[in-house]
Amino acid sequence: MTLSALLSHWMRNKVQLAMVLVGLTLATALWSGVQALNAQARGAYATAAALVSEDGAPRLDSATGQMPQARFIELRRAGVLVSPVVEGRVTLGDTRVTLLGIDPLTAPPGTAAALADGDLQGFLSGAGYAHPETLERIGATDMSPAPSQAVPVGTVLVDIGTAQNALGMTGQISHLLLTGPAPRPMPDGLRLSQPETGAELAGLTDSFHLNLTAFGALAFAVGLFIVHSAVGLAFEQRRGLFRTLRSLGVSLRSLTLALAVELALFALLAGLAGLALGYVMAAALLPDVAATLRGLYGAPVPGSLQFSPVWALAGLAMAFAGAGLAGGQALWRLWHMPVLAPAQPRAWAMASGRAMRWQMLGAGLLAALAVALGLFGSGLFAGFALLAAALLAAALLTRPVLALGLALAAKAARAPVLQWFWADSRQNLPRLSLALMALMLALAANIGVGTMVASFRATFIDWLDQRLVAEMTITPRDAAQAVALEDFLAPRVQAVLPLRQVDATLAGQPGAVFAMRDHATFRDNWPLIAQVPGVWDGLAAEQGALINEQLARRADLWPGDSVALPGAGEVAILGVYPDYGNPLAQAIVTEGWFDSLYPGTPTRQLAIRTDDPAATRAALLDEFGLSAQAITDQAQAKALSLAIFERTFLITGALNVLTLSVAALALFATLVTLSGLRLVQLAPLWAMGLTVRHLAGLELARALVLAGLTMLLALPVGLMLAQVLLAVINVQAFGWRLPLQIFPADWARLALWAGLAMLAASAWPAWRLWRGGGGPLLRVFANER
Amino acid sequence: MNVKVLIAALLLAPAALAQGFAGLGTDADGFAVPEQGRALQFPRDHGPHPDYRIEWWYLTATLQGEDGRDYGAQWTLFRSALAPEERDGWDSPQVWMGHAGLTTPGRHFSAERFARGGIGQAGAQANPFTAWIDDWHMTSTAPDGADAYSALQIAATGPEFGYDLRMQAQGPLVRHGDDGYSVKSAAGQASYYYSQPFYTVEGTLDLPDGPVKVTGQAWLDREWSSQPLASDQTGWDWFSIVLEDGHRLMGFQLRGDQTFTAGTWITPDGDATALPDGALSFAPQGTARVAGRDVPVRWRIDWPEQGLALRTEPVNPQAWMDLTVSYWEGPITVTGSHQGRGYLEMTGY
Amino acid sequence: MPLLALEDIRKSFASAEGAVPVLQGVSLDVAAGQVVALTGESGSGKSTLLHIAAGLEAPESGRVLIGGQDMAALPDAGRAKLRRGTVGLVFQQFNLVPSLTVGANLAFQARLANVHDAGFCTDLAARLGLSDLLARYPEQLSGGQQQRVAIGRALAARPKVLLADEPTGNLDEATGDAVFTLMLDLARAQGTGLLLVTHSARLAGQCDRRVLLRAGRLA
């Protein structure tokens with residue numbers, strides 16, 4: 001009874017109802033969508049970890065990167081429980097995949113899970129397993145693996161013998177997994193490590209997920225603004241009804257309960273819709289997220305979404321929590337409302353200067369916290385805490401700063417209409433401030449993330465040009481072919497620069513040591529961000545090594561320091577090079593030294609310098625008989641790298657647009673719910689001789705001015721955000737630091753978008769005002785009696 | 001279900017499971033089949049027979065420690081072939097599995113190992129005889145000219161135990177069934193089966209509380225076949241018993257729609273008499289709750305024709321081999337018409 | 001020629017039972033400096049007539065002439081211009097601009113009409129007793145003070161006609177009388193024609209002329 005009386009309000013105010021539902025739906029959708037993405041990715045890491053690292057089984061590595069198979073037999077016969085693994089990259093179809101060879105008989109249980117219910121005999125005689133997505137990508141090949149969800153995307157799991165044959169590693173193994181107690185003492189030439197565990201991958205990708213979560217939380221908060229304003233208004237508008245119901249004898253308890261039930265009903269409806277929408281959104285974004293994670297971290301994430309009931313429950317819970325948060329204030333006020341409180345909306349009333357002072361105090365405290373975190377904090381969490389504090393401070397400052405700007409403008413204004421315009425805008429700030437805060441945050445996030453991405457892109461393209469100087473790169477099928485190719489090419493081209501690498505632990509981090517031939521190609525082009533004088537001569541003279549920026553920043557190692565390389569002991573660091581897009585530590589030593597440290601390491605790739613790439617290519621294909629897929633030319637490589645880059649930040653762009661849209665919707669909701677109130681304020685002006693059209697125009701102009709001012713405020717906040725992302729978050733998350741670059745054209749575009757969003761949000765109320773003509777305004781006077 | 005279970009199923013489980021395993025047919029796959037009348041040859045047949053589907057070297061020892069307690073030790077190497085041949089390297093279709101057990105009156109230890117043939121991690125060879133998987137091995141210590149099995153050393157380790165035992169044969173090899181051709185069902189499934197039941201043992205057990213010197217008696221079984229069981233057979237109860245008067249008795253029943261029994265009566269000199277289906281009868285006398293199931297750990301064995309009526313008691317009723325494929329295997333003491341010691345293996349419970 | 005002439009004004013409102021006639025041919029003149037009281041029961045159409053006179057609402061038939069100018073002939077912008085400078089409006093609910101100070105409210109309409117005279121405005125404020133309140137905001141004033149601001153705002157633009165809809169309806173009797181007297185004095189001093197809606201016979205008695213609206217017609 002009570003409930004139906006309450007609900008009838010919504011039937012008459014369908015727009016308000018829509019706002020509550022849309023706001024809550026969007027908030028739930030964005031939040032739970034992001035959660036679904038995170039959960040999917042984390043699940044994939046766990047799969048990868050179970051297969052590759054055997055639920056954390058320790059690993060025995062040889063100092064030289066590989067070891068003869070006899071070593072495995074020798075250890076087993078000595079009672080050391082180890083299982084051999086052969087790992088390498090191969091081209092299947094025209095896709096590069098990781099070929100993972102295991103011995104199912106000695107492998108830890110995790111690996112065997114991939115073969116559950118499988119055909120052991122088939123596996124031992126060459127059949128493999130791969131994730132369905134990998135299968136889709138590689139298409140039909142000689143090796144046609146069976147589908148298995150337990151294998152990470154991008155990996156083909158085969159028997160160790162099959163892998164050895166395919167990789168040209170007969171009699172060789174990559175490393176051993178320890179399935180029993182560690183041998184004491186450790187056999188010569190072997191090192192125990194805990195590499196590439198799922199925890200490690202999760203650690204690397206944590207920042208990315210934290211990022212997504214932050215976006216989700218931001219969107220959720222912005223969505224709650226919408227709900228809060230709509231529920232608040234509905235409450236005010238129903239004060240009269242509450243009063244009537246109370247006078248009719250409905251107890252306060254049952255009235256409050258009825259309102260709570262109403263709110264729960266909304267939460268349920270919107271929560272379900274939000275889950276559906278969130279699922280769709282996550283499914284649409286997942287391929288890009290997966291591509292990002294693969295591109296940035298090599299994390300194998302499948303591109304298809306799985307549904308989880310836990311996720312759905314959590315999403316619903318968030319919807320209920322959100323509804324409670326947004327509607328709690330209204331319930332509280334109802335509980336404390338005297339029976340005969342006046343129906344006039346006083347609670348929407350103005351601007352207590354007191355609230356503003358509290359906001360400024362809060363902003364000051366948060367800003368101080370942000371500064372303190374910037375000065376003394378370290379680590380990813382501190383970085384994000386800094387961001388959160390600074391953004392919140394900026395959000396709290398939105399209203400005071402806008403109020404100040406409008407006051408100044410009002411002082412400068414001479415014409416009466418303008419004077420009124422500024423004064424009125426200022427007076428309406430409190431009602432709009434929540435939505436404007438949302439807009440400010442969305443804009444600042446856009447500027448910050450946009451600046452970060454654009455800075456990154458500019459640096460990355462520059463770096464690609466320097467790094468990719470070789471006209472073509474060849475991936476030999478095996479070690480023997482690499483040797484043959486080098487012999488074949490040496491007389492035909494200017495230079496053949498082989499790439500050899502061994503996996504290694506550098507300063508306690510997983511990584512690799514690379515060989516570099518002393519050649520002008522590198523001396524002239526290889527970018528360095530720090531170096532000792534005569535770095536290239538020193539490198540050629542085996543005086544030291546180059547390390548990548550990731551290693552330098554994480555371990556705080558710079559030229560003048562030293563790093564331990566397997567088999568070489570402490571080696572001087574001669575220079576540090578930027579190495580974007582690679583999560584692992586790297587060191588480079590000159591080729592000759594590398595070969596003496598790690599003899600027998602096969603060449604993985606050959607970089608070719610040639611004046612006539614077309615002729616070289618033709619020679620390779622026709623005379624040498626190389627498959628075209630083994631050759632990558634420079635343009636292809638660049639295009640590929642850039643494509644990966646662009647896809648990497650596609651998700652960021654998508655979330656930016658979503659956040660901005662939600663902010664615009666918040667504004668729209670606020671403006672629509674306020675439009676009734678505005679009539680009262682505008683009617684005297686109309687009576688005094690301003691036309692309705694003029695007033696509607698002013699309403700639009702006000703929206704634009706507020707958007708403009710908010711944009712101006714968002715600009716420094718956004719730049720601060722970008723600076724923190726580049727100097728703190730990126731360094732912590734990826735291990736590289738980039739210079740901040742300014743892209744005013746992007747800001748102009750964003751300002752345009754903000755203006756359009758604001759126009760879109762205010763257009764309907766303004767249009768309604770204009771179309772309504774004098775009638776609704778006249779009713780303001782008529783209502784007086 | 002994982003790989004090892006599949007392998008173990010192949011090796012140990014009843015035929016119903018084994019034949020249900022995808023990709024493995026029966027003898028149409030080219031495996032050799034035991035033939036009646038084919039004489040065993042030594043030392044050749046001490047070594048592996050890769051053209052047969054399954055094979056094992058199975059040694060059980062009843063032991064007494066210096067501390068006066070009873071112990072039991074088991075060392076087994078199983079071979080299972082995916083194809084009737086041997087190839088070098090990872091291409092080898094031969095799969096090996098080792099089981100080691102050690103029973104004390106209070107505890108039972110077990111461990112398992114898996115390996116592929118062809119790479120050297122596991123295998124067996126006739127001359128000089130050795131069979132191994134990882135660091136576990138059974139190696140002949142017999143002087144030149146003597147039968148390889150007349151003196152053996154075995155060793156195995158698990159996470160909590162280990163043993164190193166030396167065996168000295170006090171009698172000849174014994175062929176079961178028809179000169180080594182042992183029928184396993186009424187339908188005619190059969191294997192080659194011979195034993196060395198006359199070992200005396202000495203050696204050391206490694207237990208969590210420290211090493212224990214032991215002496216005792218041991219029994220080696222050698223068996224290979226391509227058709228392990230009939231499809232209705234669900235498990236077996238197998239006994240090897242050394243009586244105080246010097247006689248040995250090997251007897252088993254294969255449980256199925258119709259129980260099939262067989263056995264061999266061995267005189268102290270090594271003369272063997274095959275006991276046909278139905279000659280022996282096995283009756284459970286009491287069960288114990290072991291690993292969540294009821295296992296008949298007390299038995300009565302009757303051979304009315306000979307006036308033999310034996311009762312068996314386990315040294316430790318909890319002798320459960322808690323491995324990828326699990327079963328009961330442990331030392332027993334024998335009373336009744338004769339006194340003695342022995343080993344009991346029960347599968348399919 | 002009268003400052004304000006209403007000729008045969010007709011107006012009806014839509015209701016569930018069809019069109020309900022409110023004004024059924026009302027004609028009324030207000031001359032310069034003349035104070036006319038319009039009285040009638042609640043719902044008799046007093047306010048509607050006043051809104052039509054101000055050009056806020058259009059009649060179904062009949063003419064509204066202000067200074068001889070036919071309202072109906074003017075476009076929306078022209079009518080708005082007329083409201084800015086020629087017609088002043090005072091409402092029961094005051095309807096001040098809440099975001100502007102008292103001083104700015106007082107000067108607002110005059111400045112809109114581009115006839116602002118600072119000296120006149122100051123003078124007006126003094127006569128209205130608002131001199132000390134100019135920096136305040138409307139919500140900080142009492143009802144009587146607010147209505148004085150509203151009257152001052154209307155008169156500061158020196159309109160030819162002042163239309164007042166129950167200007168004292170929300171005030172207590174003493175305050176209402178004071179505000180009423182002040183309005184009358186100022187209108188007379190400026191030669192402004194004043195059409196006043198009231199249902200107070202006492203106040204109507206102080207006016208030059210008194211008309212009664214009953215059943216849509218002037219009695």
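**Chain A and its interface with chain C**

Author: In chain A, of the contacts (heavy atoms within 4.5 Å) between residues at least 6 apart in sequence, 80% join residues at least 24 apart. This is a predicted model, in which local features need pLDDT of at least 70 and side-chain atom pairs count only at pLDDT 80 or more, while totals for chains, interfaces and linings use all residues. Residues are numbered from 1 along each chain as its sequence is written, chains are lettered from A and ligands numbered from 1 in the order in which they are written, and side-chain values use heavy atoms, with hydrogens and water left out.

Chain A has 785 residues, and 55% of them count as buried; buried means under 20% relative accessible area, exposed over 50%, and partly exposed in between (1.4 Å probe, protein chains only). The chain holds 24 helices and 20 strands, which are DSSP runs numbered from the N terminus (helices H or I, at least four residues; strands E, at least two).

The part to look at is where chain C meets chain A. There, 23 residues of chain A are in contact with 26 residues of chain C. About 2300 Å² is buried between the two chains, and carbon and sulfur atoms give 60% of that area. Buried area is the accessible area (1.4 Å probe) that two parts lose on being put together, summed over both. On the side of chain C, the residues that lose the most area to chain A are C:Ser99, C:Phe108 and C:Arg111, together 22% of what that side buries.

Three elements of chain C give two or more residues each to this side: helix H1 (46-53), helix H2 (76-85) and helix H3 (102-112). H2(C) provides the largest share, five residues. By type, the residues of chain C that touch chain A are 11 nonpolar, seven polar and eight charged. Here Ala, Val, Leu, Ile, Met, Phe, Trp, Tyr, Cys and Pro count as nonpolar, Asp, Glu, Lys and Arg as charged, and the others, Gly among them, as polar.

The interface of chain C and chain A has zero salt bridges by the rule, which asks for a side-chain nitrogen of Lys or Arg within 4 Å of a carboxyl oxygen of Asp or Glu. Seven residue pairs across it are in polar contact, both residues at pLDDT 80 or more. A polar contact is a pair of N or O atoms within 3.5 Å; within protein, one must be able to donate a hydrogen and the other to accept it, and residues adjacent in sequence count only if both atoms are side-chain atoms.
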